[in-house]
Amino acid sequence: MAFQPIWDIENGTAFAYEALVRPSGGGSALEVLEQITEESRYAFDQSCRVKAIELAGALGMQSILSINFLPNAVYQPAACLRKTIDAAHRVGFPTTRLMFEVTESEPSRDPAHLRAIFTEYRAHGMITAIDDFGAGHSGLNMLADFQPNIVKLDMALCRNLDRDPVRRAIARSIINLCGDLGIDVVCEGIETLGEAVALRDLGVRYLQGFLFAKPAIESLPEVSKDILRAVRAAHEDSLLDRSEPTPRQACR
Ligand SMILES: [Ca+2]
């Protein structure tokens, strides 16, 4: 199990750490995920959660712990949650600092089922997030049905955002829409300073990606202060650029 930070650019602290499945000998998540069958899905989902919570407790995580889950691995939301809550109590990790990411790119067989899961989780004070938003099948429909606490904008939409006016326009409208609905936006897969600054300019506060930190096995990587300073400085410069009157305005 590895952890990757979601950084709060405004406060300069970790907003959350996302738990990511990794094979024990190293390698990609795909190698593990490919071995999951329809029968083992539920047990796998449950054991990943418990492992993530135990590690968060052991590592003294002070931020939110974000856990991915497969909506189709959850049958009875209340029963499924019992092990999760037990694990959190056992290691003294507050359940209000647990966040659950449901991927939007895997078609959920039953939107009502997904809504029931999210409603149950939220009743326990947990944080809900739609993952890979914009990559999948039903993004806006899903949002119309249920408003999570967090939307994670898909990395393909964030790629080269600083140089791609079309992607920027799409991202801006999703960010504004989430703002209207009271949903926080996390942007994932950020690899360059230009992408980070362009998203900061669009008002995004929470960023995740290799630019900030790669996932680290059983540890909580910090983000370099230099990177944070560089994002802030470039963002402030672009605010100044925007506020400077153009020569035409200045003459009036
Ligand atoms: Ca995720």
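Tutor: Helix H3 (residues 77-91) packs against helix H4 (residues 111-123) at an angle of about 45 degrees, and their axes are 10 Å apart. Here an axis is a line fitted to C-alpha atoms, for helices over the stretch in contact, and angles run from 0 to 180 degrees between N-to-C directions. That angle makes H3 oblique to H4; under 35 degrees counts as roughly parallel, over 145 as roughly antiparallel, 65 to 115 as roughly perpendicular, and the rest as oblique. The contact itself is made by Pro77, Ala78 and Leu81 of H3 together with Ala116, Ile117 and Glu120 of H4. Being in contact means that the C-beta atoms of two residues, placed from the backbone, lie within 7 Å. Sorted by type, the residues of this contact of H3 with H4 are five nonpolar, no polar and one charged. For that sorting, Ala, Val, Leu, Ile, Met, Phe, Trp, Tyr, Cys and Pro count as nonpolar, Asp, Glu, Lys and Arg as charged, and the others, Gly among them, as polar.

Before we go on, keep in mind that this is a predicted model: local features need pLDDT of at least 70, side-chain atom pairs count only at pLDDT 80 or more, and totals for chains, interfaces and linings use all residues. Residues are numbered from 1 along each chain as its sequence is written. The helices (H or I, at least four residues) and strands (E, at least two) are DSSP runs, numbered from the N terminus.

Now for another helix pair. Helix H8 (residues 193-201) and helix H9 (residues 225-243) pack at about 50 degrees, with axes 9 Å apart, and H8 and H9 are therefore oblique to each other. On the H8 side, Leu193, Ala196, Val197, Arg200 and Asp201 meet Ala230, Val231, Ala234, His235 and Ser238 of H9. The residues of this contact of H8 with H9 divide into six nonpolar, two polar and two charged.

Let's turn to the strands. Strand S5 (residues 127-133) is largely enclosed by the rest of the structure, because six of its seven residues are buried; buried means 20 or more other C-beta atoms within 10 Å of a residue's own, exposed means 12 or fewer, and partly exposed is in between, with C-beta atoms placed from the backbone. Strand S4 (residues 98-103) runs parallel to S5, joined by five bridges, and Met99 has Ile127 of S5 as its bridge partner. S5 also runs parallel to strand S6 (residues 150-153), with three bridges between them, and Phe133 stands opposite Leu153 in S6.

Terms used: Pairing = 2+ DSSP bridges.
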